[in-house]
Amino acid sequence: MRVLGVDPGLTRCGVGVVEGVAGRPLTMRGVGVVRTPADAELGDRLVAIERGIEEWLDEHRPDCVAVERVFAQHNVRTVMGTAQASAVAMLCAARRGLPVALHTPSEVKAAVSGSGRADKAQVGAMVTRLLRLDAPPKPADAADALALAICHIWRAPGLNRLQQAHAAAARTPRVPRTAAVPVRKVPR
């Protein structure tokens, strides 16, 4: 499976491609950051992010896209920018018919480091180790994008089984419960 991880942001949108399957060594296929100038108009910044993500999709042809789920922060402006960049990544994937998975920051941290409270340095160190890199990817947004891809590769098999179970349960007609009938022992 080849996954494009996207760590959304208006100024720096981290992107990273990881290939592999759960339980086997993973391979980094590419890592980088789509940058936009902070003083540019919002619409122009979103178009630049779209173009950057489209280039990554064209070049690496992922099987799916993993995007960091936007979570509530105290700074509404930061949340809005992150949500807008996230939506652009999801739109680019959906336009191509690629599945999109959303993972929370704590899910990603727990997947790669064992702790949902890991800091940026710990995540970068584990990404470096897991992908057998010489040094942590810079900036941290790039390492976070790789961590998202790793998290998805490792979690996808379990998520697929859950989705299949839910789909099967939805297709199975429910049998109404009946009152319990007491069983009597028959003497011999």
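## Length of helix 1

The expected span of a helix is 1.5 Å multiplied by one less than its number of residues. In this predicted model, helix 1 covers residues 42–60, and its 19 residues should therefore span 27 Å, which agrees with the 27 Å that separates its end C-alpha atoms. The residue that follows helix 1 is Arg61, whose phi is positive, near 45°.

## Surroundings of helix 1

The buried residues of helix 1 are Arg45, Ile49, Gly52, Ile53, Glu54, Trp56, Leu57 and His60, a list that includes the charged residues Arg45 and Glu54. These buried residues pack against strand 1 (2–7), strand 2 (12–19), strand 3 (27–35) and strand 4 (64–68), and also against helix 2 (76–95).

## The chain as a whole

The protein chain contains 5 helices and 5 strands, which follow one another along the sequence in the pattern β-β-β-α-β-α-β-α-α-α. Of its 188 residues, 38% count as buried, while the chain exposes about 11500 Å², of which carbon and sulfur atoms supply 54%. Among contacts between residues at least 6 apart in sequence, 63% join residues at least 24 apart.

## Helix 3 against helix 4

Two packed helices are described by the angle between their axes and the distance between the axes. For helix 3 (residues 105–113) and helix 4 (residues 120–130), the axes come within 9 Å and cross at roughly 50°; the two helices are therefore oblique to each other, and their crossing is left-handed. Where they meet, Lys109, Val112 and Ser113 belong to helix 3, and Val123, Met126 and Leu130 belong to helix 4.

Methods
Residues numbered from 1 in each chain as written. Predicted model: local features only at pLDDT ≥ 70, side-chain atom pairs only at ≥ 80, totals over all residues. Heavy atoms only, no water. Helix = DSSP H or I, 4+ residues; strand = E, 2+ residues; numbered from the N terminus. Buried < 20%, exposed > 50% of the residue type's maximum accessible area, 1.4 Å probe, protein only. Contact = heavy atoms within 4.5 Å. Areas by Shrake-Rupley, 256 points an atom, 1.4 Å probe, with all protein chains shown as cover. Axes fitted to C-alpha atoms, helices over the stretch in contact; angles between N-to-C directions. Parallel < 35°, antiparallel > 145°, perpendicular 65-115°, else oblique. Left-handed = near helix turned anticlockwise from the far one by under 90°.
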